[in-house]
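I opened this entry to record what I looked up in the structure. My notes follow in the order of looking.

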Amino acid sequence: MEARPGKARERTCIGCRKRSGPADLLRMTVSGGLVLPDPAHRAPGRGAHLHPVAECLDLAERRKAFPRAFRVPGPLELKLVRDHVAQCSEESAVHGRKQGS
């Protein structure tokens, strides 16, 4: 059963600022200055959401949205999130080619 019947759950991408359902967004958490991808949406702590595409990741980084979203000071390490987004892009390209065949 849903927590709030009749109201769709939405989250805002910290990159493009568009609202989407949680299934369309990558949830991330922060630990010790390192931003960690949380594709299962289960990790404890404050989360931020991002479309798993390079454009949204670049926008969020350029706007300095990560420290604001997590409410932490200073720059954060994004390597694991970049790797995850790149992997998602590769997988969607492979699936797109298979469907288009």
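**Helix 1 and its end**

I note that the model is a predicted one.

Which residues of helix 1 are buried? I find C56, L57 and A60 as the buried residues of this helix, which spans residues 54-62. Viewed down the axis of helix 1, they fall within an arc of 100°, so they line one face. The face turned away from the buried side carries the exposed residues E55 and R62.

I see 3 strands in an open sheet, ordered 4-3-5, with antiparallel pairing. Strand 4 (34-37) and strand 5 (48-50) are the edge strands, each pairing on one side only. From one strand to the next the twist averages 40°.

I looked at the pairing of strand 3 (residues 26-31) with strand 4 and found 4 bridges joining the two, which run antiparallel. In strand 4, P37 stands opposite M28, and L34 stands opposite S31. Strand 3 and strand 4 make a hairpin with 2 residues between them. In that turn, G32 has a positive phi of about 60°.

Is T29 buried or exposed? T29 lies in strand 3. I record T29 as buried because its relative accessibility is 5%, and buried means under 20%. Leaving out residues up to four places away in sequence, T29 touches L34, V35, L36, A43, P44, R46, G47 and F70.

**Salt bridges**

How many salt bridges does the structure hold? I count 5.

I looked up R19 and E10, whose side chains meet in a salt bridge at 3.1 Å, N to O. E10 counts as partly exposed, at 37% relative accessibility.

R27 and D38 form a salt bridge through their side chains, at 2.6 Å, N to O. This pair links distant parts of the chain: R27 is in strand 3, while D38 is in the loop between strand 4 and strand 5, 11 residues apart. I note that both R27 and D38 are buried.

In the salt bridge of R82 with E61, the closest N and O atoms are 2.0 Å apart. R82 lies in helix 3 (residues 79-100) and E61 in helix 1, so the pair ties together parts 21 residues apart in sequence. R82 is partly exposed, with a relative accessible area of 32%. E61 also counts as partly exposed, at 37% relative accessibility. I close with the network of salt bridges that links D58, E61 and R82.

Definitions and conventions
Residues numbered from 1 in each chain as written. Predicted model: local features only at pLDDT ≥ 70, side-chain atom pairs only at ≥ 80, totals over all residues. Heavy atoms only, no water. Buried < 20%, exposed > 50% of the residue type's maximum accessible area, 1.4 Å probe, protein only. Arc of directions from axis to C-beta. Pairing = 2+ DSSP bridges. Axes fitted to C-alpha atoms, helices over the stretch in contact; angles between N-to-C directions. Contact = heavy atoms within 4.5 Å. Salt bridge = Lys/Arg side-chain N within 4 Å of Asp/Glu carboxyl O.
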